Amino acid sequence: MSVPDAPSHAQGHARGPFLPYGRQSIDEADIAAVVEVLKGDYLTTGPKVAAFEAALAAKLGAGFAISNSSGTAALHLACLALGLGPGDAAIVPSITFLATANAVRMVGATVVFADTDPDNGLMRPEDLEAAFARAKAAGLKVRAVFPVHLAGQCADLVGLAALARREGCAIVEDACHAIGAYHACADGSAAPVGGCRLSDMAVLSFHPVKTVAAGEGGAVTTNDPSLARRLERLRAHGMVREAHAFENADMAFDPAGAANPWYYEMREIGWNYRLSDIHAALALSQLGRLDRFVEERRALARRYDALLEALAPRIQPIRRSRFSMPAWHLYSVLIDFRALGCERAQLMNRLRAEHIGTQVHYIPVHRQPYYRALDPALELPGADRYYARTLSLPLFVGMTQVDVRRVVGCLGDVIGARTAAEVM
Ligand SMILES: Cc1ncc(COP(=O)(O)O)c(C=O)c1O
């Protein structure tokens with residue numbers, strides 16, 4: 001069956017400028033911050049990186065923030081810092097971006113996919129418990145768990161952390177969607193995501209569609225000084241420059257015992273995952289507007305919530321987590337395509353014709369051919385059910401309440417047109 005292609009603007013929703021599902025918000029201060037770096041001495045890692053890391057750690061309440069070149073690099077570094085490798089396994093929810101699982105594979109460890117809540121894509125404690133049981137049955141040694149704060153709302157970190165600790169596992173939050181969000185703590189208080197109150201590390205992304213943009217960029221936050229030192233070393237070729245850490249005394253020191261000024265040492269393999277000062281300047285400038293960004297995103301989400309009531313139950317917001325004060329990175333809805341009698345692609349194409357961009361977050365990662373080949377029989381019905389119904393609507397700072405009305409109006413027109421067509 002197809003969705004009729006009668007133009008919705010004919011029914012009162014004027015086709016406006018294209019609304020992508022997400023985009024950055026850049027102001028003059030951001031531009032000035034980048035230009036200042038371009039006119040200065042440091043293009044690569046310099047004072048702006050240090051300033052950004054200090055501001056990020058302070059904002060999120062973490063002991064350390066180690067920036068790097070992308071969220072993917074940050075996830076890879078987190079796996080390396082934990083010493084994950086061949087023979088180890090890590091649990092990752094299937095509804096996430098490829099990078100969460102891929103980081104585990106980059107270090108040669110096995111990914112055990114967990115199922116998710118079918119109504120919001122978040123891994124629940126029961127999903128984690130089932131994944132532990134599957135891993136044990138397969139003889140796998142699980143060493144880490146990666147909760148993903150999908151769309152900017154948090155999983156039940158208290159429940160997940162209790163299970164992970166019981167099994168002796170590290171916890172790495174994939175918080176790439178959730179800067180500015182708060183998660184619930186056991187005592188009922190709320191803690192900022194990235195503060196690592198319940199985890200060993202949290203990973204952030206500063207990709208342009210994220211709430212804070214650097215162009216490309218990421219960070220790992222932690223309260224553990226030894227993890228922080230290791231992360232710093234691994235993002236820069238595994239190199240150390242601190243005299244007290246040198247092993248080769250004959251090369252490192254002059255006859256008087258002073259460290260040679262050129263000297264550095266490498267004891268383990270590392271990468272070039274550094275952030276540049278150009279990117280850090282933009283991220284630092286953006287970080288100063290984080291609270292405003294989050295508030296604007298929340299206000300737009302509230303407007304969507306209110307307007308979408310008219311389209312329920314065929315189109316409705318994803319289920320709200322009880323464990324979270326979200327910072328919406330995505331505005332995802334659940335659509336009953338069967339009831340609508342249309343395919344998702346038809347709806348997306350129809351909306352695109354009306355200058356409305358949408359996206360699917362995400363295809364369950366366990367369904368990707370690479371991972372299917374590793375575990376062909378795995379079935380995760382919650383993740384599949386979420387995937388079958390999800391669609392992310394436009395949400396970005398600078399979008400207006402009128403834009404939200406246009407999006408919901410077009411969705412309503414599509415449903416209405418379909419209903420009208422059925423009558424004929
Ligand atoms: C949940 C999640 N994890 C990790 C990443 C990787 O971040 P980056 O694109 O900065 O490498 C993304 C980016 O889209 C993401 O959405």
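Is glutamate 268 buried, partly exposed or exposed? At 21% relative accessibility, glutamate 268 counts as partly exposed, where buried means under 20% relative accessible area, exposed means over 50%, and partly exposed lies in between, computed with a 1.4 Å probe and with protein chains only. Before I go on, please keep in mind that this is a predicted model, in which local features need pLDDT of at least 70 and side-chain atom pairs count only at pLDDT 80 or more, while totals for chains, interfaces and linings use all residues. Residues are numbered from 1 along each chain as its sequence is written, and side-chain values use heavy atoms, with hydrogens and water left out.

Let me stay with glutamate 268, whose side chain meets that of arginine 233 in a salt bridge, at 3.0 Å from N to O; by salt bridge I mean a side-chain nitrogen of Lys or Arg within 4 Å of a carboxyl oxygen of Asp or Glu. Glutamate 268 lies in the loop between β11 and α9, and arginine 233 in helix α7 (residues 225-234), so the pair ties together parts that are 35 residues apart in sequence.

Now let us turn to the interior. In soluble globular proteins, nonpolar side chains tend to be buried together. Here, the largest nonpolar core has 100 residues, and those with the most contacts inside it are Ile91, Phe146, Tyr304, Leu308, Leu347, Leu391 and Leu411; such a core is a set of buried Ala, Val, Leu, Ile, Met, Phe, Trp, Tyr and Cys residues joined through side-chain atoms within 4.5 Å. Helix α3 (residues 71-82) gives the most to this core, with nine residues. Apart from it lies another core, of 24 residues, among them Val49, Phe52, Leu56 and Leu275.

If we leave aside neighbours within four places in sequence, leucine 308 is in contact with Ile315, Tyr331, Val333, Val408 and Leu411, and contact here means heavy atoms within 4.5 Å. Threonine 390, in strand β15 (residues 390-393), is buried, with a relative accessible area of 0%. Not counting residues up to four places away in sequence, threonine 390 touches Ser332, Val333, Arg344, Val360 and His361.

Which residues of helix α9 are buried? They are Asp277, Ala280, Ala281, Leu282, Ala283, Ser285, Gln286 and Leu287, that is, eight of the eleven residues in this mostly covered helix, which runs over residues 277-287. What covers these buried residues includes α1, α2 (47-60) and α10 (290-308).

My last topic is the aromatic rings. A search of the whole structure finds eight aromatic pairs, and rings of Phe, Tyr and Trp (its six-membered ring) pair if their centres lie within 6.5 Å, with planes under 30 degrees apart counted as stacked, over 60 as edge-to-face and the rest as tilted. Phenylalanine 246 and tyrosine 263 form an edge-to-face pair, at 4.9 Å centre to centre and with 85 degrees between the planes. Phenylalanine 246 sits in the loop between β10 (239-240) and α8 (249-252), and tyrosine 263 in the loop between α8 and β11 (265-266), 17 residues apart; both of these residues are buried.

Tyrosine 370 and tyrosine 371 also form an edge-to-face pair, at 4.8 Å centre to centre and with 85 degrees between the planes. Tyrosine 370 counts as partly exposed, because its relative accessibility is 43%, whereas tyrosine 371, at 5%, counts as buried. Ring pairs link these two tyrosines, Tyr370 and Tyr371, with Phe113 into a cluster.

Note on methods:
Helix = DSSP H or I, 4+ residues; strand = E, 2+ residues; numbered from the N terminus.
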